[in-house]
Amino acid sequence: MSGTKEEDRADSGSWRDSFWNPRTHELLGRTASSWGLILLFYLVFYLFLAGMFALTMYIMLLTLDDYKPTWQDRLVTPGMMIRPKGDQLEITFSVSETESWDNLVQNLNTFLSPYNDSHQAQTNDNCPADQYFIQEDSGEVRNNPKRSCQFNRTMLEECSGVSDRFYGYNKGQPCILIKLNRVINMLPGKDGQSPYVTCGAKRYRMGEDDWREDSDKIGPLVYYPPNGTFNLMYYPYYGKKAQVNYTQPLVAVKFLNASMNTDINVECKINSNTLATGSERDKFAGRVSFKLRINDK
């Protein structure tokens with residue numbers, strides 16, 4: 001028994017000595033000078049790494065331009081989006097239930113507030129139509145901030161929320177706003193021909209070889225501005241910092257007599273003599289698809 005106790009004390013002493021040895025003054029097997037050298041090495045090593053990181057970041061920032069991207073992957077066809085944007089691009093409401101479309105109306109009001117005519121008159125220029133508003137820099141002298149052309153809310157006429165503050169939702173004739181995504185220095189047309197939007201029934205698959213479309217449900221459409229054009233005067237776009245007051249042009253499409261109580265699959269496309277047709281692999285390249293359902297109760 002006594003031998004066992006002595007062995008336990010020896011093991012305990014050995015463990016304590018491995019952590020702190022009072023005879024050699026070693027902590028975890030190293031003296032103070034050894035620990036100091038190791039800590040000094042890692043301090044210098046990590047300071048060197050931090051310095052290298054800071055230097056590479058500094059050099060990289062020197063190559064960047066605050067007003068335009070140094071490298072730009074030019075999109076063949078810009079994306080499109082709609083407003084109001086419902087869940088998963090589905091717009092469903094009931095004409096008789098105000099609360100079902102009130103949020104949609106509020107969404108449009110908020111989105112269109114920067115387009116108010118009074119605000120546009122204060123911040124943007126009244127530009128000549130059907131030609132690019134090009135503002136080039138003069139060598140090293142930057143022409144910043146660049147000016148922008150007015151897009152007045154009233155240009156959307158029946159879909160402006162001015163003459164009809166409910167955008168037709170209370171009558172089952174909803175307005176959908178369409179915008180083309182911004183691409184720096186994009187020129188979307190030539191020979192004075194502005195790109196324009198067309199909307200129609202989208203083909204969708206019901207079975208392996210069964211394709212359908214809702215052309216009999218969509219009814220007549222009307223576009224604002226006329227012909228659904230994105231006028232050339234709003235291009236090129238020079239970037240958020242260079243063109244601080246830029247107002248994105250819009251196209252509104254109004255459904256005059258869409259079928260009630262049924263899903264309508266709609267697709268809107270951009271048509272241009274310079275922009276390539278969007279790929280089927282990218283459902284937002286030059287097009288946007290959404291589902292519309294108007295209930296009468």
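Modeller: A disulfide is a pair of cysteine sulfur atoms within 2.5 Å. The structure discussed here is a predicted model.

Colleague: How many disulfides does the structure hold?

Modeller: Cys127 and Cys149 form one of them, with their sulfur atoms 2.1 Å apart. Cys159 is bonded to Cys175, also with sulfur atoms 2.1 Å apart, and Cys199 is joined to Cys268 with an S to S distance of 2.0 Å. The number of disulfides in the structure is therefore three.

Colleague: In sequence order, what is the pairing of the bonded cysteines of the protein chain?

Modeller: Cys127 is linked to Cys149, Cys159 to Cys175, and Cys199 to Cys268. When the bonded cysteines are numbered along the chain, the pairing reads 1-2, 3-4, 5-6.

Colleague: Is the link of Cys199 and Cys268 left-handed or right-handed?

Modeller: The link of Cys127 and Cys149 has -100° about the S-S bond and is left-handed. The link of Cys159 and Cys175, with -75°, is left-handed as well. For Cys199 and Cys268 the angle about the S-S bond is 110°, and this link is right-handed.

Colleague: How many residues apart are Cys199 and Cys268?

Modeller: Cys199 belongs to strand S6, residues 196–201, and Cys268 belongs to strand S11, residues 263–271.

Colleague: Is Cys268 buried or exposed?

Modeller: A residue counts as buried when its relative accessible area is under 20%. The relative accessible area of Cys268 is 0%, so this residue falls under the cut-off.

Colleague: In what order do the strands of the open sheet stand?

Modeller: The sheet has four strands with antiparallel pairing. Strand S3 (80–83) and strand S9 (221–224) each have a single partner strand, so these two stand at the edges. S9 pairs with strand S10, residues 250–255, over four bridges. The order is S3-S5-S10-S9.

Colleague: Which residue in S10 stands opposite Leu221?

Modeller: Strand S9 covers residues 221–224, and its pairing with S10 is antiparallel. The residue in S10 that stands opposite Leu221 is Phe255.

Colleague: Which helix packs on the sheet?

Modeller: The helix in question covers residues 98–112 and touches S3, S5 and S10. Its direction makes about 40° with that of S5. This is helix H3.

Colleague: Where is Ser160 found, and which residues is Ser160 in contact with, leaving aside its neighbours within four places in sequence?

Modeller: Ser160 is found in the loop between helix H4 (117–123) and S5, and with a relative accessible area of 2% this residue is buried. Leaving aside neighbours within four places in sequence, its contacts are Leu112, Arg153, Thr154 and Tyr167.

Colleague: Which backbone oxygen does the side chain of Ser160 reach?

Modeller: The side chain of Ser160 has a polar atom that lies 3.2 Å from the backbone nitrogen of Val162. The side chain also reaches a backbone oxygen at 2.8 Å, and that oxygen belongs to Glu157.

Note on methods:
Residues are numbered from 1 along each chain as its sequence is written. This is a predicted model: local features need pLDDT of at least 70, side-chain atom pairs count only at pLDDT 80 or more; totals for chains, interfaces and linings use all residues. Side-chain values use heavy atoms; hydrogens and water are left out. Two strands pair if DSSP finds at least two bridges between them. Contact means heavy atoms within 4.5 Å. Axes are lines fitted to C-alpha atoms, for helices over the stretch in contact, and angles run from 0 to 180 degrees between N-to-C directions. Buried means under 20% relative accessible area, exposed over 50%, partly exposed in between (1.4 Å probe, protein chains only). A polar contact is a pair of N or O atoms within 3.5 Å; within protein, one must be able to donate a hydrogen and the other to accept it, and residues adjacent in sequence count only if both atoms are side-chain atoms.
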